[in-house]
Amino acid sequence: MHYHLPGLFEFYELYKGFLPLWREHRNWFYEWCDIGSIYGAPMDCLWGGGRVGFGDAAPDDVIALMNEYGISARLTFSNSLLKKEHLSDKKCNQLCKLFSSTKKEKNGVIVHSDLLTDYLKENYPELYLVSSTTKVITDFDDFEAELNRREFEYVVPDFRLNKSFERLSSLLKNQKDKVEFLCNECCDFACKNRKRCYENVSRKNLGEEVSEHKCRAPGGQDGYKFSLAMKNPAFISIEDIQKTYIPLGFSNFKIEGRGLGSAVVLEFLLYYMTKPECQLEVREAIYLDSMLDLF
């Protein structure tokens with residue numbers, strides 16, 4: 001069972017402290033899971049989407065850390081509004097070239113734009129592609145069609161399909177292997193403006209002057225709270241993963257967290273990956289790392 005974790009660039013220092021614990025104290029963590037990938041994008045990435053990037057870690061350092069621990073690195077290039085002239089962006093192309101040149105682990109890109117999908121397939125065939133949840137695919141037939149697209153190794157559906165068990169259970173094995181569920185979304189289940197919110201971020205990354213998107217959903221102005229996410233009808237818990245999703249044949253689970261801060265992401269790592277009786281040891285090891293600023 002594979003977790004796909006947030007903040008490749010943004011939480012570099014957190015992972016630099018966490019991954020040695022993951023390797024050296026493997027008995028502290030659930031034996032039935034591993035880290036399938038860590039995803040994200042540096043700040044000021046034209047192709048970026050989903051969230052405005054804040055990561056400032058050097059790409060060479062990020063790749064070196066992922067190679068050291070044998071973890072796939074994913075670039076989050078899910079901007080939905082890209083045009084042909086944006087494809088020549090120097091920074092994004094340099095990142096793709098770097099990520100496609102590693103020999104140990106195959107790296108990937110999370111994409112929304114079909115224009116970018118075609119460009120990456122032609123110019124960086126070494127990178128695998130992930131269909132982004134920012135497409136807001138809420139119709140199951142559309143989701144199944146996305147699963148059948150050969151360009152994508154994984155597809156992240158909208159979180160509101162998480163509990164569509166009758167349709168999910170009927171998928172073929174090769175389709176189930178491509179599904180990557182978003183576990184801990186806090187967005188209101190009835191939200192009608194999710195796509196507009198993502199487009200707002202895409203415009204910001206393109207450098208357009210746009211006003212901040214104001215969420216009208218209940219609780220939307222309060223920001224992310226894990227306690228609220230756990231009450232979301234689409235929330236996928238540890239128990240759900242073990243007792244429902246794994247028996248149904250699913251094995252990929254994405255943890256949201258870019259832009260939330262290291263302390264919150266640490267709570268995700270504790271909840272989803274760490275045995276309850278060992279969570280204090282992990283907290284102490286991270287908190288006592290004087291080089292890490294969690295807040």
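This is a predicted model: local features need pLDDT of at least 70, side-chain atom pairs count only at pLDDT 80 or more; totals for chains, interfaces and linings use all residues.

Start with helix α11, residues 262-273, and helix α12, residues 279-287. They pack at an angle of about 155 degrees. Their axes lie 10 Å apart. The angle is over 145 degrees, so α11 and α12 are roughly antiparallel to each other. The crossing of α11 past α12 is right-handed. On the α11 side, the contact is made by L266, E267, L270 and Y271. On the α12 side, Q279, V282, R283, I286 and Y287 take part. Sorted by class, the residues of this contact are six nonpolar, one polar and two charged. The spacing along such helices has a simple background: an α-helix has 3.6 residues a turn, so residues three or four places apart point the same way.

Now turn to helix α1, which covers residues 12-24. It has 13 residues. From its first C-alpha to its last it reaches 19 Å, close to the 18 Å expected at 1.5 Å a residue. Its buried residues are Y12, L14, Y15, G17, F18, L19, P20, L21 and W22. What covers them? The cover includes two strands, β1 (2-6) and β2 (34-40). It also includes the helices α2 (59-68), α11 and α12. The pair described above is therefore part of what covers the buried residues of α1.

The axes of α1 and α2 come within 11 Å and cross at roughly 10 degrees. That is under 35 degrees, so α1 is roughly parallel to α2. From α1, the contact is made by Y12, Y15, K16, L19 and R23. From α2 come D61, V62, L65, M66 and E68. This contact has six nonpolar residues, no polar ones and four charged ones. Y12, Y15 and L19 are listed among the buried residues of α1, and these three also take part in the contact with α2.

Next, two residues in loops. Most residues other than glycine have a negative phi. D44 has a positive phi, near 60 degrees, and is not a glycine. It is found in the loop between β2 and α2. D44 is at 66% relative accessibility, so it counts as exposed. V136 also has a positive phi, of about 55 degrees, without being a glycine. Its loop runs between β5 (128-131) and α5 (140-147). V136 is buried, because its relative accessible area is 16% and the cut-off for buried is under 20%.

Q175 is in helix α7, residues 173-176. It is buried, with a relative accessible area of 4%. Setting aside its neighbours within four places in sequence, Q175 is in contact with E144, L147 and N148. P247 is in helix α10, residues 238-248. P247 is exposed, at 57% relative accessible area. Not counting residues up to four places away in sequence, P247 touches I241 and Q242. P247 and D89 are 158 residues apart in sequence. From C-alpha to C-alpha, they are 44 Å apart in space.

Terms used: Residues are numbered from 1 along each chain as its sequence is written. Side-chain values use heavy atoms; hydrogens and water are left out. Axes are lines fitted to C-alpha atoms, for helices over the stretch in contact, and angles run from 0 to 180 degrees between N-to-C directions. Helices (H or I, at least four residues) and strands (E, at least two) are DSSP runs, numbered from the N terminus. Angles under 35 degrees count as roughly parallel, over 145 as roughly antiparallel, 65 to 115 as roughly perpendicular and the rest as oblique. A crossing is left-handed if the near helix is turned anticlockwise from the far one by less than a right angle, and right-handed if clockwise. Contact means heavy atoms within 4.5 Å. Ala, Val, Leu, Ile, Met, Phe, Trp, Tyr, Cys and Pro count as nonpolar, Asp, Glu, Lys and Arg as charged, and the others, Gly among them, as polar. The expected span of a helix is 1.5 Å times one less than its number of residues. Buried means under 20% relative accessible area, exposed over 50%, partly exposed in between (1.4 Å probe, protein chains only).
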